[in-house]
Amino acid sequence: MDNSINPEPLVNFAPPRDFATSLKSDLKETFFPDDPFRQFKDDKPTRRVAKALQYFIPILEWLPKYNLRLLRYDILAGLTITSLAIPQGISYAKLAEIPPIIGLYSSFVPPLLYAVFGSSKHLAVGTVAAASLLLSSTLDDVVSSKDNPALYLQLIFTATLITGIFQTALGFLRLGILVDFLSHSTITGFMGGTATIICLQQLKGFFGLNHFTTKTDVISVMHAIIKNRKEWRWESAVVGIVFLIFLQLTRYVAKKKPKLFWVSAMAPLVTVVIGCLFAYLAHAEDHGIQIVGHLKKGINPSSIHLLNFDSKYLPTVAKAGIVTGLIALAEGIAIGRSFAIMKNEQIDGNKEMIAFGFMNIVGSLTSCYLTTGPFSKTAVNFNAGCRTAMSNVVMAIFMGLTLLFLAPLFSYTPLVALSAIIMSAMFGLIKYEEAYHLLKVDKFDFVICMAAFLGVGLGIIRALLYVARPATCKLGKVPNSILYRDFEQYPGSTNVPGILVLQLGSPIYFANCTYIRERILRWIREEQANIVSKGDILENVFLDLTGVTSIDVTGIETLIEVHKTLQANDIK
């Protein structure tokens with residue numbers, strides 16, 4: 001009889017991958033989760049070059065397939081968004097405290113570049129209110145747009161260049177993951193908060209004030225309005241209210257009958273045209289209604305010589321460029337994805353970053369300021385039936401014709417008309433129903449939304465909390481089954497006396513290993529306290545690691561520490 005003890009069975013593990021293979025796999029999953037190189041496999045070298053060019057320059061992919069049938073739709077869409085681009089360009093330039101003509105320039109060159117490098121068929125390029133306000137509020141800290149407008153404009157162009165370089169670098173380095181930290185609730189809250197501030201800023205135009213605050217908080221704005229009440233002009237307020245009511249009525253019509261979207265799309269241009277005629281015929285300036293002033297003919301002049309890298313201003317300029325660049329990326333990519341989903345299509349976030357970056361780099365050299373994909377213009381482009389990015393080319397052509405021949409006609413545009421256009425557009429960004437939906441679905445997301453400008457920080461904190469405080473739970477056996485589920489979710493579950501089963505629901509690494517160790521030990525203490533009264537003892541702890549997809553060295557050391565602690569307490 002063989003009394004020898006059989007050795008414990010061993011688990012056969014596959015040989016581990018070498019470091020280079022693991023690193024390559026990790027880098028691929030981090031920076032190339034969409035596997036963009038799969039299309040180049042099994043192709044001849046010449047074909048690979050052609051596909052590579054099509055991948056990095058999307059126009060080379062769709063332009064050879066373009067035809068007159070598609071052009072008909074894109075011309076209509078391009079003409080429609082041009083009618084929106086003219087008043088918005090002038091209005092948002094006013095918001096950025098730069099010459100109105102710069103806003104028109106910014107709808108000429110950037111759309112051409114996006115048509116070449118952008119991956120969205122529906123995105124319409126232009127200036128946006130949030131970035132305009134952020135640029136002005138940040139740069140006004142170092143240079144006054146009123147006291148030194150020439151230097152202020154130089155810093156605007158320099159900030160736009162920095163934005164472009166930043167966005168391009170993110171795209172080439174495939175760091176689109178940074179934009180993912182801006183959650184939907186964060187963007188909703190930020191845009192809503194910004195829209196509220198912008199609406200308050202427009203009260204200057206409504207009341208026809210000459211003096212106003214450069215600050216953006218509610219208290220400062222209301223104080224400036226009351227302080228300068230002697231400058232109030234009732235004529236300006238009446239005209240502004242009439243224009244605002246007209247714009248809101250057209251938005252209501254378009255919302256009730258989507259086929260009449262063009263009514264809302266054309267309304268801002270109609271407002272500007274009527275405003276110009278009114279100001280010219282009624283000599284509005286004599287009645288306290290301010291106008292835009294002279295707009296010169298001609299397409300974008302070079303602004304390379306205007307770039308200013310003075311160390312005195314560079315830190316603030318860099319901050320303005322990076323912050324507005326990140327916000328513009330988040331807004332543009334989110335909007336592009338939203339409309340692509342409606343057509344069951346996909347856009348490449350990293351390509352969009354590169355396209356936005358090129359737009360702003362070249363734009364900064366051709367008298368443009370920051371551009372991205374605004375929601376209002378993209379929605380109009382989509383509803384107008386655009387088929388490809390050619391609609392941006394059409395818009396650029398019409399805008400070029402406007403700059404060459406029609407720009408001076410808009411010199412009589414009343415500032416109060418622009419204030420009404422901006423305010424009407426901002427009302428659409430304050431999404432009450434979405435905020436209420438967040439309140440019902442996720443209270444934490446609602447708090448982030450309500451935090452508005454502070455929402456970015458709270459969103460990142462929440463993401464970090466999910467990483468550093470992963471889900472853990474105690475499992476129990478569901479009656480009449482072989483399933484083990486969370487005790488709190490299934491209160492009727494039972495456990496085997498003397499055995500504790502715990503489930504860990506995330507990778508274990510340095511950021512969360514301390515929490516995991518403390519949580520496991522706490523579960524054990526609580527279980528021991530519960531079974532002492534029953535006369536049982538805790539003998540075994542099982543860890544369900546099906547949710548643990550990876551573990552680093554610190555995590556391994558943590559599990560070893562937990563094992564030693566349990567051994568010291570006679571628990572297996």
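**Helix pairs**

I started with α12 and α13, whose crossing is right-handed; a crossing counts as right-handed if the near helix is turned clockwise from the far one by less than a right angle, and left-handed if anticlockwise. By class, I get 12 nonpolar, 4 polar and 1 charged residues in the contact of α12 with α13. For the classes, Ala, Val, Leu, Ile, Met, Phe, Trp, Tyr, Cys and Pro are nonpolar, Asp, Glu, Lys and Arg are charged, and the others, Gly among them, are polar.

A note on what I am looking at: this is a predicted model, where local features need pLDDT of at least 70, side-chain atom pairs count only at pLDDT 80 or more, and totals for chains, interfaces and linings use all residues. Residues are numbered from 1 along each chain as its sequence is written, and side-chain values use heavy atoms, with hydrogens and water left out.

Back to the pair: helix α12 covers residues 234-256 and helix α13 residues 261-281, and they pack at about 160° with axes 7 Å apart. Axes are lines fitted to C-alpha atoms, for helices over the stretch in contact, and angles run from 0 to 180 degrees between N-to-C directions. α12 and α13 are therefore roughly antiparallel (over 145 degrees; under 35 is roughly parallel, 65 to 115 roughly perpendicular, the rest oblique). From α12 I noted Phe243, Phe246 and Leu247 among the residues that meet α13, whose side includes Val270, Ile274 and Phe278. Contact here means heavy atoms within 4.5 Å.

Next I looked up helix α14 (residues 314-342) and helix α15 (residues 349-365): their axes come within 10 Å and cross at roughly 130°. That makes α14 oblique to α15. This crossing is right-handed too. Leu329, Gly332, Ile333 and Arg337 of α14 meet Gly349, Glu352, Met353 and Phe356 of α15. By class, that contact has 4 nonpolar, 2 polar and 2 charged residues.

Ser424 sits in helix α18 (residues 415-427). Is Ser424 buried or exposed? Its relative accessible area is 4%, so Ser424 is buried (under 20%; exposed is over 50%, partly exposed in between, with a 1.4 Å probe and protein chains only). The Ser424 side chain makes a polar contact of 2.7 Å with the side chain of Gln248. I take a polar contact as a pair of N or O atoms within 3.5 Å; within protein, one must be able to donate a hydrogen and the other to accept it, and residues adjacent in sequence count only if both atoms are side-chain atoms. Beyond four places in sequence, Ser424 is in contact with Leu244, Leu247, Gln248 and Arg251.

Lys474 is in strand β1 (residues 472-477), and it is buried at 13% relative accessible area. Which side chain does Lys474 join in a polar contact of 2.6 Å? I found Glu527. Contacts of Lys474 beyond four places in sequence also include Asp486, Phe487 and Trp523.

**Positive phi**

Glu97 has phi near 65°, positive in a residue other than glycine. I placed Glu97 in the loop between α4 (68-95) and α5 (100-105), partly exposed at 30%. Asn480, not a glycine either, has phi of about 60°. Asn480 is in the loop between β1 and β2 (484-486) and is exposed at 84%.

**Whole chain**

I count 23 helices and 4 strands; helices (H or I, at least four residues) and strands (E, at least two) are DSSP runs, numbered from the N terminus. Of the 572 residues, 48% count as buried.
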